[in-house]
Amino acid sequence: MLGVFWDITERKHMEIKLHEYTEQLEQKRRDLEQIIYVTSHDLRSPLVNVQGFAKELSKSIMDLMESIHTGDISAEVMRRMEPILKNDIPESLEYIQSSIARMDMQLSALLKLSRLAARP
């Protein structure tokens, strides 16, 4: 009878290392998911604040424009304020709203990514 033996010590050692690395990778993935979720959630709150204040500013501009047209403000002040209220500020508000929309899309995508990654 002839017997053959293989020393599988090296193979077992590599399997243990592979298992350890797999566990570490899984933990890193969970950590990354948590970071993405917390970041997207925490950034949404200031974004909502900026959006709300931009709407308030827009409403205030409308009120000022109404005051200008009803004659509550002198002609000289009206002449200086009108281009600012009609052009400069609305243009700036458009940039703010556009940036808010882009940031909101990016945060929503991050949040969706973290939820997808969390699925088994």
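Reply: A salt bridge here is a side-chain nitrogen of Lys or Arg within 4 Å of a carboxyl oxygen of Asp or Glu. By that criterion the structure, a predicted model, holds 11 salt bridges. Side chains of opposite charge can pair when their charged atoms come close.

Helix H1 spans residues 9–69. One of its pairs is Lys12 with Glu15, whose closest N and O atoms are 3.7 Å apart. The two residues are 3 apart in helix H1, so about one helical turn separates them. Lys12 is partly exposed, with 46% relative accessibility, and Glu15 is also partly exposed, at 37%.

Another pair in helix H1 is Lys59 and Asp63. Their closest N and O atoms lie 3.5 Å apart, and they form a salt bridge. The spacing along the helix is 4 residues in this case, which again means a separation of about one helical turn. Asp63 has 40% relative accessibility and therefore counts as partly exposed.

Helix H2, residues 75–118, contains both Glu76 and Arg80. These two form a salt bridge with 3.7 Å between the closest N and O atoms. They are 4 residues apart, about one turn of the helix. Glu76 has a relative accessible area of 41%, so Glu76 is partly exposed.

Notes. Residues numbered from 1 in each chain as written. Predicted model: local features only at pLDDT ≥ 70, side-chain atom pairs only at ≥ 80, totals over all residues. Heavy atoms only, no water. Buried < 20%, exposed > 50% of the residue type's maximum accessible area, 1.4 Å probe, protein only.
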